[in-house]
Amino acid sequence: AALLLMPLPLVIVIVGPLSGVWADKIGARVPATLALLIQAVALVWFIFTLSPTTSYAQIAVGLALMGLGSGMFWSPNTSAAMNSAPPARLGIASATLATLRQTGMVTSFALALAVAAASLPEEVVMKLFIGTDIALGSEMMQEFIIGMQNAFWVSVFLCLVAAAFSFVRGHEDRQQEAAVAG
């Protein structure tokens, strides 16, 4: 199963450093905002393509899109956060950023499961989450897919809100930062 997820981290590994270079030249606003919009597109892709019969190629496209968005977001956003911290506080800034990143991942996982579970009848939730054997294509699996689609819609909304905040972020003076670093 882990090998099937490889398009996501492979694209992140390729795109991450390139987006960092791009952000160093123009600032984080454009790459980070574009990245969040790409992640929203990836989620919409999953909403309309995921089913028990979805081909691996379709899943790989969605994973690659999500990897593109993730890779484009992390480097510029991390750079912007670290560049806004005073040099004497870089350790604190790094720890805070890591804590917020982990908190966001855990919270988003819990939120997605809560939305998916709330979208389903109680008996389906109990059967799904206590490990009842469920066949692909069964009525219960179809209901679970609807729950996941609802969770993806919430995630699309959150990506769009995050993109709006990213777009209106404060101005970065990359020339001044380069002069201080050089």
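Q: How do the axes of H2 and H3 cross, and within what distance do they come?
A: In this predicted model, the axes of helix H2 (residues 29–49) and helix H3 (residues 56–83) come within 8 Å, and they cross at roughly 160 degrees.

Q: Roughly parallel or antiparallel, then?
A: Roughly antiparallel: angles over 145 degrees count that way, and H2 and H3 therefore fall in that class.

Q: And is the crossing of H2 and H3 left-handed or right-handed?
A: The crossing of H2 and H3 is left-handed.

Q: What residue classes are in the contact of H2 with H3?
A: The contact of H2 with H3 has 20 nonpolar residues and 6 polar ones, with no charged residues.

Q: Switching to H5. Which residues are buried there?
A: Helix H5 covers residues 122–129, and Val124, Val125 and Leu128 are buried in it.

Q: What covers the buried residues of H5?
A: The cover includes helix H4 (90–118) and helix H6 (139–167).

Q: Let's stay with H6. At what angle do H5 and H6 pack?
A: At about 100 degrees, with the axes of H5 and H6 10 Å apart. An angle from 65 to 115 degrees counts as roughly perpendicular, and H5 and H6 are therefore roughly perpendicular to each other.

Q: Which residues make that contact?
A: From H5 there are Val124, Lys127 and Leu128, and from H6 there are Met140, Glu143 and Phe144. By class, the contact of H5 with H6 has 4 nonpolar, no polar and 2 charged residues. Val124 and Leu128 of H5 are in this contact, and they are also on the list of buried residues.

Q: Zooming out, how many helices and strands does the protein chain have?
A: The protein chain has 7 helices and 0 strands. From the N terminus on, the order is α-α-α-α-α-α-α.

Q: How much of the protein chain is buried?
A: Buried residues make up 33% of its 182 residues.

Q: And what share of the contacts with a separation of 6 or more is between residues 24 or more positions apart?
A: That share is 76% in the protein chain.

How values were computed. Residues are numbered from 1 along each chain as its sequence is written. This is a predicted model: local features need pLDDT of at least 70, side-chain atom pairs count only at pLDDT 80 or more; totals for chains, interfaces and linings use all residues. Side-chain values use heavy atoms; hydrogens and water are left out. Axes are lines fitted to C-alpha atoms, for helices over the stretch in contact, and angles run from 0 to 180 degrees between N-to-C directions. Helices (H or I, at least four residues) and strands (E, at least two) are DSSP runs, numbered from the N terminus. Angles under 35 degrees count as roughly parallel, over 145 as roughly antiparallel, 65 to 115 as roughly perpendicular and the rest as oblique. A crossing is left-handed if the near helix is turned anticlockwise from the far one by less than a right angle, and right-handed if clockwise. Ala, Val, Leu, Ile, Met, Phe, Trp, Tyr, Cys and Pro count as nonpolar, Asp, Glu, Lys and Arg as charged, and the others, Gly among them, as polar. Buried means under 20% relative accessible area, exposed over 50%, partly exposed in between (1.4 Å probe, protein chains only). Contact means heavy atoms within 4.5 Å.
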